[in-house]
Amino acid sequence: MAGAKAVDAVYDVDPPRTEKMLRELLYSAYFVADHTTHFYALAGPDFVIGPDAPIVERNILGIIHKVGLEIGGKVILARKFGHNVIEMIGGKIIHPCTSIPGGLTKGITEEQRQEIEKMGHWAVELGHFSLKLFEDIVLKNSTYLDLILGDIYTHRTYYIGLVDENNKVNFYDGKVSVVDPEGNRLGKYAPKEYTDWIAEHVEPWTYLKFPYLKKVGWKGFVDGKESGVYIATPLSRLNAADGMATPRAPEEYEKFYKTLGGKPVHQRLATHWARLIELLYAAERWVELATDPEITSDNFRTIPTEKPTEGVGIVEAPRGTLTHHYWTDERGIATRVNLIVGTTNNYASLQMSTNKAARALIKGGKVNEGRLTDKGNPFKKLCIQIEKASLGGLSLMEKLIDADQTIIVDAIDTHQFPKGTVRIFKLKDLPDLNSGHTASIHDTSLANAIEVGRLICWNLINIFQAFVVYLPAKQSVLMLSNCAI
Amino acid sequence: MSSNGKPKIAFFDFTSCEGCQLTVIDSLQDHPELLNVVEIVQFREAMTEKGEDYQIAFVEGSCSRASDEPRLKKIRQQAAIVVALGACAHLGGVNALKALHPLDEVRKYVYGDKADWYETYDARPISAVIDVDYAIPGCPIDRNEFISVVKALLLGKKPPIPDYPLCVECKLKGNVCLYTKGQVCLGPVTRAGCGAICPSFGASCEACRGFITNPNDNSMREVLIEAGLTVEDITSIYTMFTTYQVREKIQQKG
């Protein structure tokens, strides 16, 4: 959808109202399907069944067991209805194919509109049902409420989200509103201004980049007003807006802030509640659009007349603001592309949440599996293993087998950096000083050992991700005696 | 085979958007009966548990760095049947577009002066690294086709992937040919099986399912030139999903 809007911008063409409504209708139905799946199948089980319940029970089947069989049917139906609307307007559920510069290849018939409207009314009911379920199971339980309001899952960051001209939440069009950790609006930017607001930081241990607010600057993985870290999620969209524009969602919006102590809400677990409020908003918008008299009009494309050049499109994806920026030649063939996809916006905050939750929940190297995989933890499958190793080479390599990612913390006197500073290296960047040999004639360097392991087909596939943190030793002698323990 | 007699299957992802695995999840919602006859032992997109004793492996995504190769080879070593899932695994897909630019430039464009930190090479289909038994084409795969392929594999039959051009399905649907409307379409050389979704919705086919075994390239070129396309235009539309195949063709011709 961001791509479709970026292409309109490339051709400098403003599509007709019917086209915009059809795209937003498709998108509202998509939000209902995605938010329903996210809550009931991915995140909700941890809440509804309980954060300390065994992993095997914390899934959609566990929810069916606790809430009743009909809920499973509702989730499947929400996906089916959402997909039906997407297929009617977009042709395909994933990568819809009907958007062209200035509009769509086809519109919808009155018969299709009636079907869409009927499904929309059902979706509104689902929104109310879900919020009621959340209230009964989560909000009326003080343990859960304490978990939401607790400090483990709290970060005071900036928040962004697309808003309409009245600063109300909008998933499809408008400007991106940016608010600071105190809830003050730093400003709003139009899609084509995004490079004035967003910049990207890179780290050696991940391919994904860390977008941050350019005007505030990158200060590392920290929160607060001085740090440019922001999030773009259901929670941030509510924080960045002044309200919602459909009939019943505003009440839920008000209740959200009243219950959680005012704006902005920093507690990340509240994202799940925010998601359900958005579910209701999307369903209501679905009905609004499906009942607009112009939705079945044949005027669903404006033929572009300008030469294609460059354009930016922004929409809200379920998990964050989606920015597409295209440059093309005069034939409309893309020459450069820049994309900032939903979750990427939240990558720095995810790292901070994982770090904070891990510190709070892993004690003495022991992991409470229940808590670590609950929805409070952004990486559901996180499993951290800490090992002390006194030997390098082959024995160290054996410890790395089957790991998804390895961090080796070592101390050494490099004579290059001030004593006591921390440096991060990728394994391949380190010199293989003694040509692959160590002091022992039976051992070899780590680089050589990994090569050997790979030749034997051991699972050392992700070793390229291994990175080494060097803590230059204050005294080499001390380091040696520590290592000998 | 597991103790309950059900064949064990596993899903893996490499460089991709995971849209094909999402389609698998959707198809299983429509056909839950399939879960009665197979045991899924690994599927990162859908479950936490991980088993390594699978007989059928479905792989989504292209291979885009040397360090992905050992993982692919391990999958090949374990699985009796390896199926490429979708355009990225089957063809290299849109990831292979980066082969049209010098690799160093691509890395610098994305990562600036930190480009050296990141390992990458020209994206390729998984068949360029390991032997692949079957491919389910498409971007993303077609829900119904996935189900019919799994059913065929369980019966020990060859999956029914068509090897005729998209035009066959398009004509059966009664669509007016896009060329007569002044549009350009790769249907005549593209493998059918999707039900000609894009042309049915008025959009051009971009060959996300790859080419048929013996496409009539010469005739296709004439049609495209007749439609007013230059060599650059033809190269552009031919390389959306199939850069790897086009480069192979050029190399074969020397």
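Modeller: Start with chain B, which is divided into domain 1, residues 8–154, and domain 2, residues 166–253. Keep in mind that this is a predicted model. The centres of domain 1 and domain 2 of chain B, taken over C-alpha atoms, lie 24 Å apart.

How many residues of each domain take part in the contact? Domain 1 of chain B brings 19 residues, and domain 2 of chain B brings 15. Between them, the two domains of chain B bury about 1300 Å². Of that area, 61% is on carbon and sulfur atoms.

Now look at the charges. Side chains of opposite charge can pair when their charged atoms come close. Between domain 1 and domain 2 of chain B, the count is two salt bridges. One of them can be picked out by name: B:Glu145 meets B:Arg209 through their side chains, at 2.8 Å from N to O. Polar contacts are also found here, with three residue pairs across the interface of domain 1 and domain 2 of chain B, both residues at pLDDT 80 or more.

Which element gives the most to the domain 1 side? That is helix 3 of chain B, residues 86–91, with three residues on the side of domain 1 that touches domain 2. By type, this side of domain 1 of chain B holds twelve nonpolar residues, three polar ones and four charged ones.

Next, go from the domains to the chains. The contact between the chains takes 34 residues from chain B and 37 from chain A. Chain B and chain A bury about 3200 Å² between them, with 57% of it on carbon and sulfur atoms. Which residues of chain B lose the most area to chain A? They are B:Tyr109, B:Trp117 and B:Phe201. Together these residues make up 21% of what the chain B side buries.

Over all chains, the structure holds 40 salt bridges. Across the interface of chain B and chain A, there are three. Take the pair B:Arg143 and A:Glu87, whose closest N and O atoms are 2.8 Å apart. This pair crosses between chains: B:Arg143 is in helix 5 of chain B, and A:Glu87 is in helix 4 of chain A, residues 69–90.

Polar contacts between chain B and chain A come to twelve residue pairs, both residues at pLDDT 80 or more. Where on chain B do the touching residues come from? Five helices of chain B each give two or more residues to the side that touches chain A: helix 1 (19–30), helix 2 (69–78), helix 4 (103–111), helix 7 (197–200) and helix 9 (231–238). Helix 1 of chain B gives the most, with five residues. The side of chain B that touches chain A divides into 15 nonpolar residues, seven polar and twelve charged.

Turn to the backbone. In chain B, B:Cys139 and B:Pro140 are joined by a cis peptide bond, with omega about -5 degrees. Find B:Pro140 in the loop between strand 5 (134–136) and helix 5 (143–154) of chain B. Chain A has a cis bond as well, from A:Lys263 to A:Pro264, with omega near -10 degrees. A:Pro264 sits in the loop between helix 9 (249–260) and helix 10 (271–290) of chain A.

One more backbone point is in chain A. The phi angle of A:Asp12 is near 50 degrees, a positive value in a residue other than glycine. A:Asp12 belongs to the loop between helix 1 (2–10) and helix 2 (17–49) of chain A.

Finish with a sheet. Strands of a sheet pair through backbone hydrogen bonds, either parallel or antiparallel. In chain A, four strands form an open sheet in the order 5-4-3-8, and the pairing is mixed. Which strands are at the edges? Strand 5 (185–189) and strand 8 (230–231) of chain A are, each pairing on one side only. Further in, strand 3 (residues 158–163) and strand 4 (residues 175–179) of chain A run antiparallel and pair over five bridges. To see one such partner, find A:Gly161: its bridge partner in strand 4 of chain A is A:Ser177.

Conventions. Residues numbered from 1 in each chain as written. Chains lettered and ligands numbered in written order. Predicted model: local features only at pLDDT ≥ 70, side-chain atom pairs only at ≥ 80, totals over all residues. Heavy atoms only, no water. Domains from an automatic or database assignment. Contact = heavy atoms within 4.5 Å. Buried area = accessible area lost by both parts, 1.4 Å probe. Salt bridge = Lys/Arg side-chain N within 4 Å of Asp/Glu carboxyl O. Polar contact = N/O pair within 3.5 Å; in protein donor to acceptor, adjacent residues only side chain to side chain. Nonpolar A, V, L, I, M, F, W, Y, C, P; charged D, E, K, R; others polar. Pairing = 2+ DSSP bridges.
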